[in-house]
Structure formats: structure tokens, C-alpha cells
Amino acid sequence: MQRMVRLAILAALLAACSIPFNYTINVVQYLEAEGTFQVGAGGISPNPKTVGPVQVTWDPDPRVTVAGATLNFKVCFTSLTPGASFSGDLSYAAYLGGNDATLFQESNKVAQGTRDIAGLSNGQVCTEGQASLTESQLAAIRSGTFFVGARISGTAISNQEATIRYRAEVFDLRISGSVRP
């Protein structure tokens, strides 16, 4: 009898415990990882250049508790137009939300990186960003369906019409929480 009580207590303790976890989603595989836009004497065209929205789905497990998440990105820009010179800056802003129609609202902006592009004539220029998600963004992840996207904007100008290629090197969503056995 005493052994049965101990087993019952052990089973209850195991059921109540949880194991911490970290899981990284490589969002680059969902998002348009690279593309082009134009920069001329009048600036960026289009400004902003919108990437997405892209839907990401998963099947939530009731044993999983998502407690937090961070988004990291690194995007590099390269001129495809020989002889072009540049001034101003480019900004890359990452967004995550629960609705594709409202994804690009300021409240869904996760992180933003801005970089002077004068060096674009000599090679690639990269920008990076990292930030924690808000509670409403975490709720979107917990729901099993969320949307990601990005916007490229800035004050960049060029001495001639130039084509700029962007390439997302990193776009990772790191989720943390706990799992009940």
C-alpha cells in the first residue's frame, strides 16, 4: 500500500513538472529571402518595398507553453548597377502579427535596422536587428497561425537609376517556453 502511495505521488509530481525548451524557426524558408528594388535620384522605388505577408502555421500542442520569443535578422544589400554611387540610408523592418491585413501596422513591428549605404558602391552593406516579441505577437504564435513580413525603406538616393538586391541572410524566430511530459 505504501508503495502505491509513493507511485501515486511520483506520478503527480511528474505530471506537474515541466521541461524548459528553446526552438528556432528559420523564417527565411517562408519569406521571400531575396529580391530587388530601384534607387534613383528621386529615392527608393517603391518606398517602402514590402516583402510578404507570409503565413506560418503549426499545430499547437496543449502540453507546450510558449513564454517568450525573439526575432533576429540580418539583411544585406548589393548594387547590381556598375558605376552607381549612393547616399542616404536603407532601413529593414521585420513584422509579425496574427492577421495578414494588419501585419504592417506599427504595433506589429518587431525589429528594425538602418544602415548608411554610401559604401554600396564598393560592395555589400548589411543591417541587423533583434528584439523580443510583444504579448499580442506571442498570442499569434500560440494560436498556430501567424504572419511575417518586412519593409525596406529609407532616404537612399543614387546618381543614376540603380537596381539594388536585398538578401535575407538570417531571419530566425527563437521561441522559448516549457513542455509538460
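This is a predicted model: local features need pLDDT of at least 70, side-chain atom pairs count only at pLDDT 80 or more; totals for chains, interfaces and linings use all residues.
A search of the whole structure finds 1 disulfide, and it is formed by Cys-76 and Cys-126, whose sulfur atoms lie 2.0 Å apart. A disulfide is a covalent bond between the sulfur atoms of two cysteines. The link of Cys-76 and Cys-126 is right-handed, with 100 degrees about the S-S bond, and both Cys-76 and Cys-126 are buried.

Strand S5 comes up again in the surroundings of helix H2, for the buried residues of H2 pack against S5, strand S7 (89-97), strand S8 (109-116), strand S10 (145-154) and strand S12 (162-179). The helix itself covers residues 135-143, and Gln-137, Leu-138, Ala-140 and Ile-141 are buried in it. Seen down the axis of H2, these buried residues fall within an arc of 155 degrees, and therefore they line one face of the helix. After H2 comes Gly-144, a residue with a positive phi, near 100 degrees.

Strand S5 also takes part in the largest pocket, where strand S1 (19-26), strand S4 (49-57) and S5 each supply at least two residues of the lining. This pocket has a volume of about 200 Å³, and it is lined by 13 residues, of which Tyr-23, Ile-25, Thr-57, Trp-58 and Ile-175 are the closest to its centre. The largest share of the lining, 5 residues, comes from S1. Sorted by class, the lining of the largest pocket consists of 9 nonpolar and 4 polar residues, with no charged residues.

A cis peptide bond joins Ser-45 and Pro-46, with omega at about -5 degrees, and Pro-46 is placed in the loop between strand S3 (43-45) and S4. The peptide bond from Gly-52 to Pro-53 is cis as well, with omega near 5 degrees, and here the proline, Pro-53, lies within strand S4.

Which residues does Lys-49 touch, not counting residues up to four places away in sequence? Lys-49, which is placed in strand S4, touches Thr-36, Phe-37, Ala-150, Arg-151, Ile-152 and Tyr-166. With a relative accessible area of 17%, Lys-49 is buried, because the cut-off for that term is under 20%.

Val-39, which lies in strand S2 (residues 34-40), has a relative accessibility of 0% and so counts as buried. Leaving aside its neighbours within four places in sequence, Val-39 is in contact with Ile-44, Phe-86, Ala-156, Ile-157, Ser-158, Gln-160, Glu-161, Ala-162 and Ile-164. One of these contacts, Glu-161, is 122 residues away from Val-39 in sequence, yet the two residues are 5.9 Å apart in space, C-alpha to C-alpha.

Notes
Residues are numbered from 1 along each chain as its sequence is written. Side-chain values use heavy atoms; hydrogens and water are left out. A disulfide is a pair of cysteine sulfur atoms within 2.5 Å. Buried means under 20% relative accessible area, exposed over 50%, partly exposed in between (1.4 Å probe, protein chains only). On a 1 Å grid over the protein atoms alone, a cavity is a set of points where a 1.4 Å probe fits but cannot get out, and a pocket is an open set with protein on both sides within 12 Å along at least five of seven lines; lining residues have an atom within 4 Å of a point. Grid points are joined across faces, edges and corners, and a volume is the space filled by probe spheres set on the points. Helices (H or I, at least four residues) and strands (E, at least two) are DSSP runs, numbered from the N terminus. Ala, Val, Leu, Ile, Met, Phe, Trp, Tyr, Cys and Pro count as nonpolar, Asp, Glu, Lys and Arg as charged, and the others, Gly among them, as polar. The arc is that of the directions from the helix axis to the C-beta atoms. Contact means heavy atoms within 4.5 Å.
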